[in-house]
Amino acid sequence: MLGNCCHFRKVYIKYNPHITKLGPQGKHYICGSIAAFTNIVITFPIQKVLFRQQLHGVLVTEAVQQLQRDGLRNLYRGLLPPLLQKSTTVAIMFGLYEDFSRVLLDHAGGSGVPVLVTRSFAAALAGTAEAVLTPFERVQTLLQDHRHHGRFNNTAHTFRTLLTEYGVRECYRGLVPILLRNGPSNILFFGLRGPIKELLPKATNKAGHLVNDFVCGGVLGAGLGIMFYPLNVVKSRAQSQVGGAFQPCRTVLLTVWRERGGSVARLFRGAHLNYHRSLISWGIINATYEFLLKLL
């Protein structure tokens, strides 16, 4: 098995020579991107059901029925934006975290600043940088919302319509909840990933390490998904609007709250599916990332 992995690594590098030019830090970007790509292709239908629950506050059965009424040809409608966005943001998340950590640790050396603080700041910076790709989440939201099926044909058409009719600013609708979500969630993810893995049974082989990485990433992703779920509800609601005034985060949240009868349970409708999706998604991402990191 080890011989096969080494052989694969040599062949991969031979036909992808740019990897060797990236240096030891460059592989974090590649591994993160491939890990996210793998995850999106596998979990997109689950994400689509979850999106309908976040947007309309319906039960999972109604969300599934909506997708059935839309038809199989529309099941993967809106796949390209999250595929591009997630593969890029996860690459940024892991890659910039490592780059920022290295630079900040070099500058903080001997200053007495705790490593935990430095790494937390690096995680927050990486999360903030990810928000540059908000337009992809924006387009994904519009393509997944069945109310816009007749208006937007595909990713390129949606981008073109938003830019020509409304301008660049419209592409960044929902930016505030994304910023509020990305920084803190990155800090918790990178800060807790190591400690959680240390609590798991010690792995003695590659399969064991793969399982531990999956569990570690899955538990963290699921927990953070629940913690920041209301922000994702606000983001989905804000980004489903086309044109008009930009409403503050608090206003959107209060609107959703009133529409759902002031019920916490209805505000968190879809959270259980989000928990399981995040468990699978971040399990896949973390396990694939760590596996590729060792392979490359």
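Visitor: What should I know before we start?

Guide: This is a predicted model, so local features need pLDDT of at least 70 and side-chain atom pairs count only at pLDDT 80 or more, while totals for chains, interfaces and linings use all residues. Residues are numbered from 1 along each chain as its sequence is written, and side-chain values use heavy atoms, with hydrogens and water left out.

Visitor: Why is Asn39 called buried?

Guide: Buried means under 20% relative accessible area, exposed means over 50%, and partly exposed is in between, using a 1.4 Å probe and protein chains only. Asn39 has 2% relative accessibility, so Asn39 counts as buried.

Visitor: Where does Asn39 lie, and what is Asn39 in contact with beyond its neighbours within four places in sequence?

Guide: Asn39 lies in helix α3, residues 23-56. Helices here are DSSP runs of H or I with at least four residues, strands are E runs of at least two, and both are numbered from the N terminus. Contact means heavy atoms within 4.5 Å, and Asn39 is in contact with Ser281, Ile284 and Ile285. Asn39 and Gly283 are 244 residues apart in sequence, yet their C-alpha atoms are 9.0 Å apart in space.

Visitor: What makes Arg69 and Glu62 a salt bridge?

Guide: A salt bridge needs a side-chain nitrogen of Lys or Arg within 4 Å of a carboxyl oxygen of Asp or Glu. For Arg69 and Glu62, the closest N and O atoms are 3.0 Å apart, and the pair forms a salt bridge. Arg69 has a relative accessible area of 57%, so Arg69 is exposed. Glu62, at 25%, is partly exposed.

Visitor: How do you know that Lys235 and Glu137 form a salt bridge, and which parts do they tie together?

Guide: Their closest N and O atoms are 3.2 Å apart, and they form a salt bridge. Lys235 lies in helix α12 (residues 229-239) and Glu137 in helix α7, so the pair ties together parts that are 98 residues apart in sequence. Lys235 and Glu137 are both buried. Salt bridges that share partners also join Glu137, Arg181 and Lys235 into one network.

Visitor: How many salt bridges does a search of the whole structure find?

Guide: It finds 12 salt bridges. One of them joins the side chains of Asp145 and Arg147, at 2.7 Å from N to O. Asp145 is buried, with a relative accessible area of 0%.

Visitor: What makes Phe136 and Phe159 an edge-to-face pair?

Guide: Their centres are 5.7 Å apart and their planes are at 85°, and the pair is edge-to-face. Phe136 is in helix α7 and Phe159 in helix α8, 23 residues apart. Both Phe136 and Phe159 are buried.

Visitor: Which other residues of helix α8 are buried, and what do they pack against?

Guide: Besides Phe159, the buried residues of helix α8 (residues 155-165) are Thr155, His157, Thr158, Thr161 and Leu162. The buried residues of α8 pack against α5 (80-108), α7 (134-144) and α9 (168-171).

Technical notes
Rings of Phe, Tyr and Trp (its six-membered ring) pair if their centres lie within 6.5 Å; planes under 30 degrees apart count as stacked, over 60 as edge-to-face and the rest as tilted.
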